[in-house]
Amino acid sequence: MSPPVNDRAWYALGHALARLKALGFTEEQVAALDRPEAIESPADREVARFARKITVDPALADDDDFERLRKLFDDKKVAEIVYQITEAASFDRLTETAGLRLED
């Protein structure tokens, strides 16, 4: 399985993988999160691309990224997407700083 590991937040990643499995995601669907071009849904594909971009380097996000999202979602949903991605990134940094180990 090749999960998204852009910020190497292993604790959060372990929990995310467990949640995705519980939701019925296949290994291929989880791996596709690390390869947005492999995601079938255009809307999901754009969110995954955007998530990768702002996870790797938030300064890379530009007006074109938001315009692509706004073609697929209303402003409220775009704001929710940004919030969820940045909240997850904050959690990743907190858990990595604390050195939390994934529970068995």
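The following legends describe views of a predicted model of one protein chain.

**View A. Secondary structure of the chain.** The chain contains 5 helices and 0 strands. Along the sequence, the elements follow the pattern α-α-α-α-α.

**View B. Overall dimensions of the chain.** Taken along the principal axes, the box filled by the C-alpha atoms is roughly 40 × 30 × 20 Å. The radius of gyration is 14 Å, which agrees with the value near 13 Å that a compact globule of 104 residues would have.

**View C. Burial and contacts within the chain.** Of the 104 residues in the chain, 30% are buried. Among contacts with a separation of 6 or more, 56% join residues 24 or more positions apart.

View D. The chain exposes about 7200 Å², of which carbon and sulfur atoms supply 53%. There are 15 positive and 22 negative side chains in the chain. The centres of these two sets of side chains lie 1 Å apart.

View E. Threonine 95 belongs to helix 5, which covers residues 75-98. The relative accessible area of Threonine 95 is 2%; this residue is therefore classed as buried, the cut-off being under 20%.

**View F. Surroundings of Threonine 95.** When residues up to four places away in sequence are not counted, Threonine 95 touches Tyr11, Ala12 and Leu100.

Note on methods
Residues are numbered from 1 along each chain as its sequence is written. This is a predicted model: local features need pLDDT of at least 70, side-chain atom pairs count only at pLDDT 80 or more; totals for chains, interfaces and linings use all residues. Side-chain values use heavy atoms; hydrogens and water are left out. Helices (H or I, at least four residues) and strands (E, at least two) are DSSP runs, numbered from the N terminus. The radius of gyration is taken over C-alpha atoms; the globule rule is 2.2 Å times the number of residues to the power 0.38. Buried means under 20% relative accessible area, exposed over 50%, partly exposed in between (1.4 Å probe, protein chains only). Contact means heavy atoms within 4.5 Å. Accessible areas come from the Shrake-Rupley method with a 1.4 Å probe; for residues, only the protein chains shown count as cover. Lys and Arg count as positive and Asp and Glu as negative; His and the chain ends are not counted. The place of a charge is taken as NZ of Lys, CZ of Arg, CG of Asp or CD of Glu.
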